[in-house]
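Biologist: Please bring up the model, so that we can go through it by question and answer.

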Amino acid sequence: MQYENEARVFFSARSENEFFARLFTAGILTQLDPTIAEMTDIKTAVSEAVTNAIIHGYEKQDGQVELFCGYAENKVYIEVADKGKGIADISQAREPLYTSKPEMERSGMGFTIMETFMDHVRIESTVGEGTRIFMEKTLAKE
């Protein structure tokens with residue numbers, strides 16, 4: 001894929017860095033002049049993916065989250081990855097209201113939110129090696 005613009009960052013798997021991920025994404029995508037709704041949708045999907053990496057991937061252990069943001073024409077490509085514990089059953093994890101952390105009062109809506117706000121969501125995961133989430137969204141052209 002040839003991107004018009006792209007950037008990749010790595011940051012510590014700490015909950016306070018979820019805000020950084022939103023700002024990084026907004027900074028790249030502002031160049032496309034998205035609507036407020038489009039920007040909000042994408043930042044929300046990124047927040048969910050980053051939060052999943054931190055809470056479920058690393059389970060409060062040290063680690064790094066990788067965030068990629070790129071675009072070509074009016075199509076946005078996002079990747080969020082961790083090298084944490086991985087997902088044993090992706091189909092189950094994608095089910096609305098399913099959570100592997102009920103003791104943390106998690107809603108189990110992370111993947112549902114990503115799928116609602118983005119056009120395409122693909123998940124690759126290997127137990128013991130980590131997870132990579134690919135998301136795409138086409139922005140409306142004025």
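Biologist: Are Tyr3 and Tyr77 buried or exposed?

Modeller: This is a predicted model, in which local features need pLDDT of at least 70, side-chain atom pairs count only at pLDDT 80 or more, and totals for chains, interfaces and linings use all residues. Residues are numbered from 1 along each chain as its sequence is written, and side-chain values use heavy atoms, leaving out hydrogens and water. Buried means under 20% relative accessible area, exposed over 50% and partly exposed in between, with a 1.4 Å probe and protein chains only. By that criterion, Tyr3 and Tyr77 are both buried.

Biologist: How many aromatic pairs does the structure hold, and why is the pair of Tyr3 and Tyr77 classed as it is?

Modeller: Rings of Phe, Tyr and Trp (its six-membered ring) pair if their centres lie within 6.5 Å; planes under 30 degrees apart are stacked, over 60 edge-to-face and the rest tilted. There are four such pairs in the structure. In the pair of Tyr3 and Tyr77, the ring centres are 5.5 Å apart and the planes stand at 70 degrees, so the geometry is edge-to-face.

Biologist: How many residues apart are Tyr3 and Tyr77?

Modeller: Helices (H or I, at least four residues) and strands (E, at least two) are DSSP runs, numbered from the N terminus. Tyr3 belongs to the segment before strand E1 (5–12) and Tyr77 to strand E3 (residues 75–82), so numbered by that definition. The pair thus links distant parts of the chain, the separation being 74 residues.

Biologist: Which residue joins Tyr3 and Tyr77 in a cluster of ring pairs?

Modeller: The ring criterion again applies here. Ring pairs link Tyr3 and Tyr77 into a cluster with Phe68.

Biologist: What is the relative accessible area of Tyr71?

Modeller: Tyr71 lies in strand E2 (residues 64–72). Contact means heavy atoms within 4.5 Å, and, leaving aside neighbours within four places in sequence, the contacts of Tyr71 include Tyr3, Ile28, Leu29 and Tyr77. Tyr71 counts as buried because its relative accessible area is 7%.

Biologist: How far apart in space are Val80 and Ile123, C-alpha to C-alpha?

Modeller: Val80 is found in strand E3 and is buried, at 2% relative accessibility. Leaving aside neighbours within four places in sequence, Val80 is in contact with residues including Ala49, Val65, Leu67 and Ile133. Val80 and Ile123 are 43 residues apart in sequence, whereas their C-alpha separation in space is 9.8 Å.
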